[in-house]
Amino acid sequence: MHGRSSSNRPSGSAFGSRVSALLLTMFATMASVYIAGRLWQDAQNRVYLIKELDRRTGQDGDAVSVDASLKIITCREQHKKLATLEMELAKARQEGFFSRYSSENSETHTKRKILAVIGIITRFGRKNNRDAIRKAWMSSGGALKKLQDEKGIVIRFVVGRSANAGDSLDREIANENAETNDFIILKNHIEAPEEQPKKTKLFIIHAVERWDAEFYAKVNDDVYVNIDVLGTMLADHLDKPRVYIGCMKSGEVFSDPNHKWYEPEWWKFGDRKSYFRHASSEIYAISRALAQFVSINKSILRAYAHDDVSTGSWFIGLDVKYVDEGKFCCSSWSSGAMCASV
């Protein structure tokens, strides 16, 4: 009897095995519940982020990862900061369309502030005109440098390149410039009559990048100028941040292709076909702010058939002071003009 009852009682090792199995089952169940909870929470977070992203973007689309959502939201925050900076920059440019921080404050790179940079627009085969201007009012050599140092006026002839790079036309200009050192050679401009508006724009861009001046003036190479009178006149307008000075005019827009002053885009000027007010081509001047505006927006400024019309078109819609200066009308010296066209 005793031996049979002992054989029916569970051994200690069997009892321990059952307890261990029970505890293991309990731990496994708890772990499963914990992991399921975390997965559910993560899924909820994903759903929230996707809904938030859809709410911000106003778009419905496929689910994206949490990391991708966070990156997109971060990007949007950066765009907001960039927009704020752009607004601050626009406010800073209000006075002149350009940063007013001068490189004069730099110890490594300084520019001498000058009154005016004058570009005399010339072309191939006009050496006689240039020599006459040098003798009459532009000066040359040391006298030209003295004019810049003492009166703050820089004068340069402006010319492009030949369609056949390095040919005799280019060499003639290079040789002349080697003697006089008074040219701006626009290396990315091919000389052609129909490209005159583009040439004027490139001169302004080049001059702004090279000289920090109060004014930038364009003159034809058949115009004689009284430099002293011009300097005094420009100085009288230093109080105007955005000023456009010239012999202001308007006139008929010609739609006949055979006419000397044909305007290919005549239809843009309305039924009456009359140009807007602009300075005559012989000579005009713009302030630093306007020249910088041209430089900044060079890629989107439209050029028409004539350089004076093109220049005038760039300032329509801007807060610009137009000065119709009779002394810029170069019809004759006797009229009181400070220039004469020959």
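This is a short tour of a predicted protein model, stop by stop.

**Before you start.** Residues count from 1 along each chain as its sequence is written, and side-chain values use heavy atoms, without hydrogens or water. Because the model is predicted, local features need pLDDT of at least 70 and side-chain atom pairs count only at pLDDT 80 or more, while totals for chains, interfaces and linings use all residues.

**The whole chain.** Show the cartoon. The protein has 10 helices and 9 strands. These are DSSP runs numbered from the N terminus: helices are H or I with at least four residues, strands are E with at least two. Of the 342 residues, 38% are buried. Buried means under 20% relative accessible area, exposed means over 50%, and partly exposed lies in between (1.4 Å probe, protein chains only).

**Stop 1: Ala213.** Select Ala213, in strand S4 (residues 213-220). Ala213 is buried, because its relative accessible area is 0%. Now show what surrounds Ala213. Beyond neighbours within four places in sequence, its contacts (heavy atoms within 4.5 Å) are Ile114, Leu115, Ala116, Val117 and Arg288. Arg288 is 75 residues away along the chain, yet the two C-alpha atoms are separated by 6.4 Å.

**Stop 2: helix H7.** Select residues 196-210. This helix has 15 residues and reaches 21 Å from first C-alpha to last. That is close to the expected 21 Å, where the expected span is 1.5 Å times one less than the number of residues. Its buried residues include Lys199, Phe203 and Val208.

**Stop 3: ring pairs.** The structure holds 4 aromatic pairs. Rings of Phe, Tyr and Trp (its six-membered ring) pair if their centres lie within 6.5 Å; planes under 30 degrees apart are stacked, over 60 edge-to-face, and the rest tilted.

Select Phe157 and Phe183. Their pair is tilted, 5.7 Å centre to centre with 40° between the planes. Phe157 lies in strand S2 (residues 153-161) and Phe183 in strand S3 (residues 183-190), so the pair ties together parts 26 residues apart in sequence.

Next, pick Tyr244 and Tyr322. Their ring centres are 5.1 Å apart and their planes are at 75°, so this pair is edge-to-face. Tyr244 sits in strand S6 (residues 243-252) and Tyr322 in strand S8 (residues 321-324), 78 residues apart. Which of them is buried, and which partly exposed? Tyr244 is buried, at 0% relative accessible area. Tyr322 is partly exposed, at 28%.
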